[in-house]
Each structure stands twice: as C-alpha cells, then as structure tokens.
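Please look at the structure before reading on.

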Amino acid sequence: MAKSPEVKLAVFGRAGVGKSALVVRFLTKRFIWEYDPTLESTYRHQANIDDETVGMEILDTAGQEDVLQKEGHMRWGDGFILVYDITDRGSFEDVAPLKGLLDEVKRPKHVPLVLLGNKADLDHARQVATEEGERLAADMACAFYECSACADQVGTGGGVAEAFHELCREIRRR
Ligand code: GDP
Ligand code: MG
C-alpha cells in the first residue's frame, strides 16, 4: 500500500450547522450532542481510500471568524467541506459567499470542494430542498452530499465518511 503525503482539509459553515459533530462522527463514528461552539480544533487522521493510506489534517473552524481569520484558514487548506444545515436556509445562503472568498484567496488555482447539507435526519423541519443543494453543487462544480452527523444511515451517498473521502480524492486528482 502506497503512502502519500498529508492533505489539509478545512470545514466551513455557519455556527451551529454541525461542523464539529460531523468531524467527530468521521473520526470516531460517534455522535456527540454538545460541542463547544467557539472551539476551533485540528485533528490528524489516517484513512484507507482506494487502497492507499491517506494522512489528513482536519481543521474544524468555529464559524464565527472574521474575514482575515477565514482567509488564513483558506490559505492553509488544500480542500474544503462547505456545510449548511438543511433546516436553516440562512446557513445555505452563507455558502455562495464562502465559495466566493475561497476563489479569491486561491486564485488562480482550482479549489477542491465538497458541499454537505447536514441534519438530514430532521427532514420534517427542512427548509432547503435536496434539489437546491444539487443545483448549488452543480454551479460550484463539486460533489454534493446530504448527511446526518447523528444518524449515519440517513441521506444520500454513503454518509459522512464518503464526503471526506471524496474530498481527499478531489484534492489528489489535481
Ligand atoms: P458547529 O457550530 O457547526 O460546529 O455545530 P455543532 O457540531 O456544535 O452542532 C450544533 C448543534 O447541532 C448541536 O446541538 C448538535 O447536537 C446539533 N447537530 C449537529 N449535527 C446534527 C445532525 O446531523 N442532526 C441533528 N439532529 N442535530 C445535529
Ligand atoms: Mg463547532
């Protein structure tokens, strides 16, 4: 099995969309209900993706940073998971500006990206249709997943881990 260099992933999205819950779910396969919302953490993780060991460093942002801090995180990262909450339309509307800032910071490089609609278990409270997520992802030319950090079986396309793995693939295709 080939060993490859680290990829740096950063998770962005409005406070409360479930960034920390998703990262913890990916790393531990567990759901932790309450996580300090002001906390910013980095984690190291190794995964076997397509028969290769990929080392990754994951930055879980707080979602309350000012633009300068955001730009710093964007310069640091090789790839990005943009998260919104399907029950919070405002969090969906935050995605396009984030992508705009990413393009600005990374220009002229292509930005490896995954769009993730979280809290798919709360379908009864949904404010953003699956098709809207699909359309936005098509506009941004990136993969799209609806997931739930607390119920990994809910949603499309293989759950939380698949979104992280697809982002690693996307980074390494470049
Ligand atoms: P962050 O600010 O983006 O890091 O969001 P957190 O991970 O702290 O989660 C915010 C709140 O949403 C917490 O109360 C979590 O328990 C809850 N939450 C996170 N993910 C999910 C999910 O997939 N489904 C549901 N029902 N609640 C979630
Ligand atoms: Mg958090």
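How many aromatic pairs does the structure hold? There are three aromatic pairs. The model is a predicted one.

## Aromatic pairs

A pair of aromatic rings is described by the distance of the centres and the angle of the planes. For Phe-26 and Phe-164, the ring centres are 4.2 Å apart and the planes lie at 0°, so this pair is stacked.

Another pair, Tyr-84 and Phe-92, is edge-to-face, with 4.8 Å from centre to centre and 70° between the planes. Tyr-84 has 0% relative accessibility and therefore counts as buried. Phe-92 has 12% relative accessibility and also counts as buried, because the cut-off for buried is under 20%.

## Helix H1

Helix H1 covers residues 19-28 and is mostly covered, with eight of its 10 residues buried. Among the buried residues are Leu-22, Val-23, Val-24 and Phe-26; Lys-19 and Arg-25 are buried too. Just after H1 comes Lys-29, with a positive phi of about 60°.

## Strands E2 and E3

Strand E2 (residues 41-49) pairs with E3 in the antiparallel sense, over nine bridges. One of the residues involved is His-45, whose bridge partner in E3 is Met-56.

Strand E3 (residues 52-60) has eight of its nine residues buried, so the strand is largely enclosed by the rest of the structure.

Terms used:
Residues numbered from 1 in each chain as written. Chains lettered and ligands numbered in written order. Predicted model: local features only at pLDDT ≥ 70, side-chain atom pairs only at ≥ 80, totals over all residues. Heavy atoms only, no water. Buried < 20%, exposed > 50% of the residue type's maximum accessible area, 1.4 Å probe, protein only. Helix = DSSP H or I, 4+ residues; strand = E, 2+ residues; numbered from the N terminus. Pairing = 2+ DSSP bridges. Phe/Tyr/Trp six-rings, centres within 6.5 Å; stacked < 30°, edge-to-face > 60°.
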